[in-house]
Amino acid sequence: MEKKSYETYTFYVGNNGKDTNPGTLDEPFATLEHARQAIRQFKQQVNGQFTVLVREGTYYFENTLTFEPEDSGSEGVVITYQAYPGEKVILSGGRRIVGEWRPYRDGIVVCELSDWAETDISFTQLFVDGRRQTRARYPKADTAGTKAGGMLHPAASKLVWPHTQFKFDPATFTKKRWSNPQEAIVHILAKNYWGNLQWQVADIDWDANTVYLGKGGYQINDIMQGEDATGIDERSLYYIENVFEELDSPGEWYCNRQEKKLYWMPQEDVDIHNTVVEVSGLKRLLQFKGSQETPVHHIRLSGFQIAHTETTFLEAYEAPSLGDWTIHRGGAVYFEGSEHCVVEHCFFDAVGGNAIFLSNYNLGNILYGNKITEAGESGVCIVGSKHLTLGSNHAYSSKIEVCNNLIHDIGTFGKQTAGVFMSVSKENTVSHNHICHVPRAAICINDGTWGGHVIAFNDIHDTVRETGDHGPFNSWGRDRFWCLNQSHGPSSHCAGDVKRDAQQTVIIRNNRFRDHKGWGDRSG
């Protein structure tokens, strides 16, 4: 077909659709992936602005939907993927449990997953009518939401870093014996309550009162040697989850992968025969993947509810700079190599890890009017890589706008987290956001590289609820010329040419910082 002049084209996606349909209102496509492919084909024949309107319902993704450079729009001609006006559209990284629930014992019900592949039975989150349930754990969860949250103290014992074990107090520990302790996960706060760590349990010696740790412990930067500052000791609080024998409270669940059985104790107000039960699946639901030379650009996501992604606390973490933090480079929506893309008016509902992650090169993206609640880790992360920033290669995000978002009650699993976290980035604007009820900082700048940010008109309160030694706004000045002794002992050398990293001034103005511990900010 010969290319036409500029026109507007609209495709439709619906749960009653088919990908063999033409994508009209009456005959919609079935998937966003096919709509994306249809736009690719049309762009070869016509000059136009494309909009994909998605009708009401839940859309379960089997694979991450990736937008690549060939999916891009252009300046003034943005390609939009949008929930149909007035309709609730859920983009799910998970799967619905369809099966018969039958009584097991003591208020527990069981559902057979016999038609599932064993590789699909590795989910870490379960939702009932949209409410996240609790993996069977000891001790019981405390709904108060404090760091004491039903957790235990390890018994006093000498611990060395990296940790391989810790003692438990048999007087306070469970009296049950676990048949599969290697499936269990320990969540434990560092001794100074700066954050928490997670480990897979390797084994338990019940006679020696010892929990042996397998993989994990990735969450805190080891720059100050774990046993001295960020490790665990007898002051640390912990709980252990994913233990079948501890399934004893309403809302708890456990999945036996080998037997392909899902166990759950429903709450009193739940009708097990008339409820929607869903589990997580994908770690990353949507991603924008290009490069600095060939970016994906001018694509907008608008109005979606994004849900049912996997936890990531046992995935790879990294220390992007010299701040106390490490981070998993991933999120429910992920950007790398993008320009002038928009995520607006979306609801990130109890995603398993970070909600939005901008990695390395991104330019001019806008995150506007979104709601992020109950995320497993941080809300918005903007993280570059200094070691990759060489010559003309800019492995960092710049001129990102994070504005008018509501971020609250995040950090369900990770406590060393933030509403907005920035590291190795430049000239970003964080403004007019409402951030509250978080375990640590609302906004954190992990280092001075490269600066030029504007932090303005944010309403921040009820922070540092589950950690200590912190404030609603946090920043570190730890770059190439920072020396550990400068802030934690006698200075061993002068600061050096700090402006090679901290190139531009960060402006902080017209914010409301209110914290019950009395710290308006925390800088290190």
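Q: How do the residues lining the second largest pocket divide into nonpolar, polar and charged?
A: Heads-up: this is a predicted model, in which local features need pLDDT of at least 70, side-chain atom pairs count only at pLDDT 80 or more, and totals for chains, interfaces and linings use all residues. Residues are numbered from 1 along each chain as its sequence is written, and side-chain values use heavy atoms, leaving out hydrogens and water. With Ala, Val, Leu, Ile, Met, Phe, Trp, Tyr, Cys and Pro as nonpolar, Asp, Glu, Lys and Arg as charged and the others, Gly among them, as polar, the lining splits into 7 nonpolar, 7 polar and 7 charged.

Q: Which residues lie nearest the centre of the second largest pocket?
A: A pocket here is an open set of points on a 1 Å grid over the protein atoms alone, with protein on both sides within 12 Å along at least five of seven lines, and lining residues have an atom within 4 Å of a point. This one holds about 430 Å³. Of its 21 lining residues, those nearest the centre are Ser-122, Phe-123, Thr-124, Arg-135 and Asn-242.

Q: Which strand gives the largest share of the lining of the largest pocket?
A: The largest pocket has about 1100 Å³ of space, and Thr-134, Arg-137, Ala-141, Asp-142 and Thr-412 are the closest to its centre among 44 lining residues. Strands (DSSP E runs of at least two residues) that each supply at least two lining residues include β11 (131-132) and β18 (238-241). The largest share, 3 residues, comes from β15.

Q: Which residues line the second largest cavity?
A: A cavity is a set of grid points where a 1.4 Å probe fits but cannot get out, and this one has about 40 Å³ of space. By class, its lining has 3 nonpolar, 3 polar and 2 charged residues. The names are Ser-179, Asn-180, Glu-183, Asn-242, Val-243, Phe-244, Glu-245 and Tyr-254.

Q: What are the edge strands of the open sheet?
A: The sheet has 10 strands in the order β1-β2-β5-β24-β28-β32-β36-β40-β44-β48, with parallel pairing; two strands pair if DSSP finds at least two bridges between them. Inside that order, β28 (residues 342-344) and β32 (residues 366-368) pair over 3 bridges, and Val-343 stands opposite Leu-367. Pairing on one side only are β1 (7-13) and β48 (507-509).

Q: What angle does the direction of helix α1 make with that of β2?
A: Helix α1 (residues 32-43; helices are DSSP H or I runs of at least four residues) packs on the sheet, touching β1, β2 and β5. Contact means heavy atoms within 4.5 Å, and angles run from 0 to 180 degrees between N-to-C directions of axes fitted to C-alpha atoms. The angle is about 165 degrees.

Key
Grid points are joined across faces, edges and corners, and a volume is the space filled by probe spheres set on the points.
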